[in-house]
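The sequence and the model follow.

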Amino acid sequence: MRRIIFATGNKGKLREAAGILGPEYELLTPEDFGITEDIPETGETLAENSLQKARYVYERTGLDCFADDTGLEVDCLDGAPGVHSARYASDGHDFDANIAKLLKEMSLKGPDAPRSARFRCVVTLILSGEVFQFDGRMEGSIAAERVGTKGFGYDPVFLPAGQTRTLAETGEEMKNRISHRGQSLRAMAAFLENRK
């Protein structure tokens with residue numbers, strides 16, 4: 001079994017990655033190595049943040065690892081919240097406040113403003129010091145109000161393209177199949193398979 005660290009403390013992300021990578025991989029977290037502090041995310045892009053997190057873990061463990069950074073890009077808000085998605089309303093990861101701010105900012109654009117948006121995810125993989133990045137995206141739009149109780153983050157207001165239900169109304173299996181993070185992780189898994 002191959003050991004690899006996923007630089008996250010998010011149990012939902014961990015389950016998704018474990019399902020995609022499969023039983024050949026033992027997924028570890030920074031906490032398994034005593035890294036319990038918040039890993040810095042000071043980059044100006046998703047790729048920079050993802051790389052910063054992966055490097056932080058690699059430099060402290062010397063082990064193969066990967067990290068992701070995800071952002072919601074809303075067209076009528078010029079791509080905001082983007083790289084600041086997790087901390088859109090405050091310094092904490094308060095997604096109730098983030099969603100409230102997002103819907104308010106969009107309402108200020110008027111009823112005819114486009115609601116188109118996308119989730120983007122960049123996964124950075126560090127293997128023996130070499131860096132590789134994988135990009136995924138999920139197109140969709142922002143619902144007028146929150147609907148659904150599943151998932152996390154902006155899921156209650158994100159309608160994937162061609163769907164009539166928000167991500168918070170769909171099951172984890174369906175979400176993982178179409179998600180931006182799932183795309184990035186599957187690209188990484190295929191890359192790892194080819195490197196054997």
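## Elements and model

Helices (H or I, at least four residues) and strands (E, at least two) are DSSP runs, numbered from the N terminus. With that numbering, α1 (11-21), α2 (46-61), β3 (65-74) and α5 (180-194) each contribute at least two residues to the lining of the largest pocket. The model is predicted.

## The largest pocket

The space in the largest pocket amounts to about 960 Å³. Its lining consists of 40 residues, and those nearest the centre are Lys13, Glu41, Lys53, Ala86 and His93. Strand β3 supplies the largest share of the lining, with five residues.

By class, the lining holds 12 nonpolar, 15 polar and 13 charged residues.

## Cysteines

How many disulfides does the structure hold? The number is zero. A disulfide is a covalent bond between the sulfur atoms of two cysteines. The cut-off for counting one is a sulfur pair within 2.5 Å. The cysteine sulfur closest to that of Cys65 belongs to Cys121 and is 15 Å away, so the two are too far apart for a bond. Seen from Cys121, the nearest cysteine sulfur is that of Cys65, and Cys121 is in no disulfide.

Cys65 has a relative accessible area of 0% and is therefore buried. Cys121 also counts as buried, because its relative accessibility is 0%.

## Aromatic pairs

A pair of aromatic rings is described by the distance of the centres and the angle of the planes. The structure contains five aromatic pairs. One of them joins Phe132 and Phe191: the ring centres are 4.6 Å apart and the planes meet at 45°, so this pair is tilted. The cut-offs behind that label are under 30 degrees for stacked and over 60 for edge-to-face, with the rest tilted. The pair connects distant parts of the chain, since Phe132 is in strand β6 (residues 130-142) and Phe191 is in helix α5, 59 residues apart.

## Charges over rings

Two contacts place a charged residue over an aromatic face. Arg60 lies over the face of Tyr56, 3.5 Å from the ring centre. Lys101 lies over the face of Tyr88, at 4.5 Å from the ring centre.

Conventions:
Residues are numbered from 1 along each chain as its sequence is written. This is a predicted model: local features need pLDDT of at least 70, side-chain atom pairs count only at pLDDT 80 or more; totals for chains, interfaces and linings use all residues. Side-chain values use heavy atoms; hydrogens and water are left out. On a 1 Å grid over the protein atoms alone, a cavity is a set of points where a 1.4 Å probe fits but cannot get out, and a pocket is an open set with protein on both sides within 12 Å along at least five of seven lines; lining residues have an atom within 4 Å of a point. Grid points are joined across faces, edges and corners, and a volume is the space filled by probe spheres set on the points. Ala, Val, Leu, Ile, Met, Phe, Trp, Tyr, Cys and Pro count as nonpolar, Asp, Glu, Lys and Arg as charged, and the others, Gly among them, as polar. Buried means under 20% relative accessible area, exposed over 50%, partly exposed in between (1.4 Å probe, protein chains only). Rings of Phe, Tyr and Trp (its six-membered ring) pair if their centres lie within 6.5 Å; planes under 30 degrees apart count as stacked, over 60 as edge-to-face and the rest as tilted. A charge sits over a ring if NZ of Lys or CZ of Arg is within 6 Å of the ring centre and within 35 degrees of the ring normal.
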